[in-house]
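This report covers the sheets, the helix packing and the ligand surroundings of one model. Please keep the sequence and the structure in view while reading.

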Amino acid sequence: MVSGYGGEPILQGVDIALEAGRIGVIVGPNGAGKSTALKSLFGLISLDQGRVLFDGTDITLVAPDKRVGLGIGYVPQEMNIFPSLTVQENLEMGAIIRDDDFSHVIDQTFEIFPPLKDKRYSEAGQLSGGQRQMVAIGRALMVEPRLLLLDEPTVGLSPAFVQDIIERITSIARSGVGILVVEQNARRALEIADTGFVLAGGKNLYTDTGENLLNDPEVARSFLGG
Ligand SMILES: Nc1ncnc2c1ncn2[C@@H]1O[C@H](COP(=O)(O)OP(=O)(O)OP(=O)(O)O)[C@@H](O)[C@H]1O
Ligand SMILES: [Mg+2]
């Protein structure tokens, strides 16, 4: 993908590939283009060059809302919940494109995120940071996506909540949903990654299994804090 916001492209030829049901983790320094890569995959910004394939189909020109219909969920880095709506209403908003009975999906979401069940009728804005992230992810799950794009789901969370969210990401993937997640907690996230992508300056620097990246001294020194 080559893409940006007008002017010089931010992504200067980034490749991201993920097999169905797997976990991909994108790491890299601030401003590397991680969020831009997710926005490009979801179609929020259009590509100057390159293409996006989903299940072998070229979706480069498909609008984001149509990508949701195809089975791609996206949780942005910021402003990803409706704070004045209840947890239940947030989840229902996620299902707005559905015209079938989705109550089983709400139940599944409460199984993945039990704390949300107790807070079901609370305003989402009143929840803890970790629980708000659960609402955001839960909302994206309401369309039963096959691929979930998560932009920094653990940002601002205390270490215990970081681990909690990362473990829940693993359980979502085990249920068959592919996940591509951007993470600042690079070490923790690479531990669960089938594939890790290290981006810097709008380019892929390294692409390998999470394990290999964690064991690469060069990657560790430059991007994982030693
Ligand atoms: N809406 C925008 N308009 C113009 N430039 C933008 C916009 N969003 C991001 N950029 C620029 O694109 C570059 C990459 O930003 P991006 O948000 O993709 O980085 P990132 O890797 O997600 O960083 P962070 O770790 O801080 O979230 C930065 O130089 C940023 O200033
Ligand atoms: Mg970002």
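How many nonpolar, polar and charged residues does the shell around ligand 1 have? The model is predicted, and in it the shell divides by class into three nonpolar, six polar and one charged residues. The residues around ligand 1 are Tyr 5, Ile 10, Gly 28, Asn 30, Gly 31, Ala 32, Gly 33, Lys 34, Ser 35 and Thr 36.

S11 is joined to strand S10 (residues 195-200) by five bridges, and the two run antiparallel. Leu 199 faces Asn 204 of S11 across this pairing. S10 and S11 form a hairpin with two residues between them. Gly 201, in the turn, has a positive phi of about 55°.

**Three-stranded sheet**

An open sheet of three strands has the order S2-S1-S4 and antiparallel pairing. Its edges are strand S2 (11-12) and strand S4 (47-49), each with a single partner strand, so one side of each is without a neighbour in the sheet. Strand S1 (residues 2-3) and S2 run antiparallel and are joined by two bridges. Ser 3 stands opposite Leu 11 of S2.

**Helix packing**

Helix H6 (residues 129-141) takes part in a contact with helix H3 (residues 87-94) and in another with helix H7 (residues 159-174). The table gives the geometry of each pair.

| Helix pair | Axis distance | Angle |
|---|---|---|
| H3 and H6 | within 7 Å | roughly 35° |
| H6 and H7 | 10 Å | about 20° |

H3 passes H6 in a right-handed crossing. On the H3 side, the contact is made by Val 87, Asn 90, Leu 91, Met 93 and Gly 94, and on the H6 side by Val 135, Gly 138, Arg 139 and Ala 140. By class, these residues comprise five nonpolar, three polar and one charged.

For the other pair, the angle between H6 and H7 is about 20°. H6 is therefore roughly parallel to H7. The crossing of H6 and H7 is right-handed. Which residues of H6 and H7 meet? Gly 129, Gly 130 and Gln 133 of H6 are in contact with Phe 161, Asp 164 and Ile 165 of H7. The residues of this contact divide into two nonpolar, three polar and one charged.

Conventions: Residues are numbered from 1 along each chain as its sequence is written. Chains are lettered from A and ligands numbered from 1 in the order in which they are written. This is a predicted model: local features need pLDDT of at least 70, side-chain atom pairs count only at pLDDT 80 or more; totals for chains, interfaces and linings use all residues. A residue is near a molecule or strand if its C-beta atom, placed from the backbone, lies within 6 Å of it. Ala, Val, Leu, Ile, Met, Phe, Trp, Tyr, Cys and Pro count as nonpolar, Asp, Glu, Lys and Arg as charged, and the others, Gly among them, as polar. Axes are lines fitted to C-alpha atoms, for helices over the stretch in contact, and angles run from 0 to 180 degrees between N-to-C directions. Helices (H or I, at least four residues) and strands (E, at least two) are DSSP runs, numbered from the N terminus. A crossing is left-handed if the near helix is turned anticlockwise from the far one by less than a right angle, and right-handed if clockwise. Two residues are in contact if their C-beta atoms, placed from the backbone, lie within 7 Å. Angles under 35 degrees count as roughly parallel, over 145 as roughly antiparallel, 65 to 115 as roughly perpendicular and the rest as oblique. Two strands pair if DSSP finds at least two bridges between them.
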